[in-house]
Amino acid sequence: MGKSRQDSMTKADRKFEKKLEFYTKVRDTVASLTAQKSITKKKKLRSRQKKLKAYDLSALTEFLPELTASQKQQSTPAAEFKLNCKSRQKLILKEGKQLGTVLNHPAFQSDPLGAIHQHLQSTQPVMDEKPKKLSKNGGRK
C-alpha cells in the first residue's frame, strides 16, 4: 500500500541526476555556441579590416606639407570643443548676431559677392606654392 522510504529516495536521486545531466548538456551547448560565435565574429572583423586597408591613406603623408607649430595650435581648440546643447545655443546666438551685422553692412548691401571675396582675401592665407607640372609622358623617364 505505502511506498518505502528507500524507493522515494531513489526516485529523488534519479530526478536529481536527470537535472544534473540536463545542466551539463546546456553548459556544453552554450560553450560550443559561444565558440562558434567568436569564430564568426573574427571573420567579420577580418573583412572589415580588409575594407579599412583599402582606405588606408597613410602612404600619402609623404606628399602632404608639414604643419607648423602655429597651425597645430590652431587645430587643437576645434578638436577639444564639444558641442552640447548649451554651447550649441551660444554658438547659434553668436552666429546669428554676426549674420545680422554682415547683412546690415553697407559694403555687403551694395555688392554681396565682392564683399565676401574681399573678406576671404583678407582672412585666408595666401598660397605661394605653384603646383608642379607633370611632363607630357606622365612623369616617366
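This is a predicted model: local features need pLDDT of at least 70, side-chain atom pairs count only at pLDDT 80 or more; totals for chains, interfaces and linings use all residues.

Q: OK. How many helices and strands does the protein have?
A: Five helices and zero strands. Read along the sequence, the pattern is α-α-α-α-α.

Q: How much of the protein counts as buried?
A: Of the 141 residues, 1%.

Q: And the accessible surface of the protein, what does that come to?
A: About 14900 Å². Carbon and sulfur atoms account for 60% of that area.

Q: Which residues make the nonpolar surface patch?
A: Phe22, Tyr23, Val26 and Val30. Their patch covers about 400 Å².

Q: Where is Val26?
A: In helix H1, which runs over residues 5-54.

Q: Is Val26 buried, partly exposed or exposed?
A: Partly exposed, because its relative accessible area is 36%. Buried would need under 20%, and exposed over 50%.

Q: Switching to charge. Which residues gather in the patch of positive charge?
A: Lys11, Arg14, Lys15 and Lys19 do, on the surface. One of them, Lys19, lies in helix H1.

Q: Why would residues three or four places apart point the same way?
A: An α-helix has 3.6 residues a turn, so residues at that spacing face one way.

Q: Now H3. What does helix H3 span?
A: Residues 85-104, 20 residues in total. From first C-alpha to last, H3 reaches 29 Å. That is close to the 28 Å expected at 1.5 Å a residue.

Q: How many residues of H3 are buried?
A: One of its 20 residues, so the helix is hardly covered.

Q: Last one. Where is Ile116 found?
A: In helix H5, residues 112-123. Ile116 counts as partly exposed because its relative accessible area is 42%.

Q: How far is Ile116 from Val102?
A: Their C-alpha atoms are separated by 9.8 Å. Along the chain, Ile116 and Val102 are 14 residues apart.

Definitions and conventions. Residues are numbered from 1 along each chain as its sequence is written. Side-chain values use heavy atoms; hydrogens and water are left out. Patches are made of residues with over 30% relative accessible area and no salt bridge: like charges are joined within 9 Å, nonpolar side chains (Val, Leu, Ile, Met, Phe, Trp, Tyr) within 5 Å. Accessible areas come from the Shrake-Rupley method with a 1.4 Å probe; for residues, only the protein chains shown count as cover. A salt bridge is a side-chain nitrogen of Lys or Arg within 4 Å of a carboxyl oxygen of Asp or Glu. Lys and Arg count as positive and Asp and Glu as negative; His and the chain ends are not counted. The place of a charge is taken as NZ of Lys, CZ of Arg, CG of Asp or CD of Glu. Helices (H or I, at least four residues) and strands (E, at least two) are DSSP runs, numbered from the N terminus. Buried means under 20% relative accessible area, exposed over 50%, partly exposed in between (1.4 Å probe, protein chains only). The expected span of a helix is 1.5 Å times one less than its number of residues.
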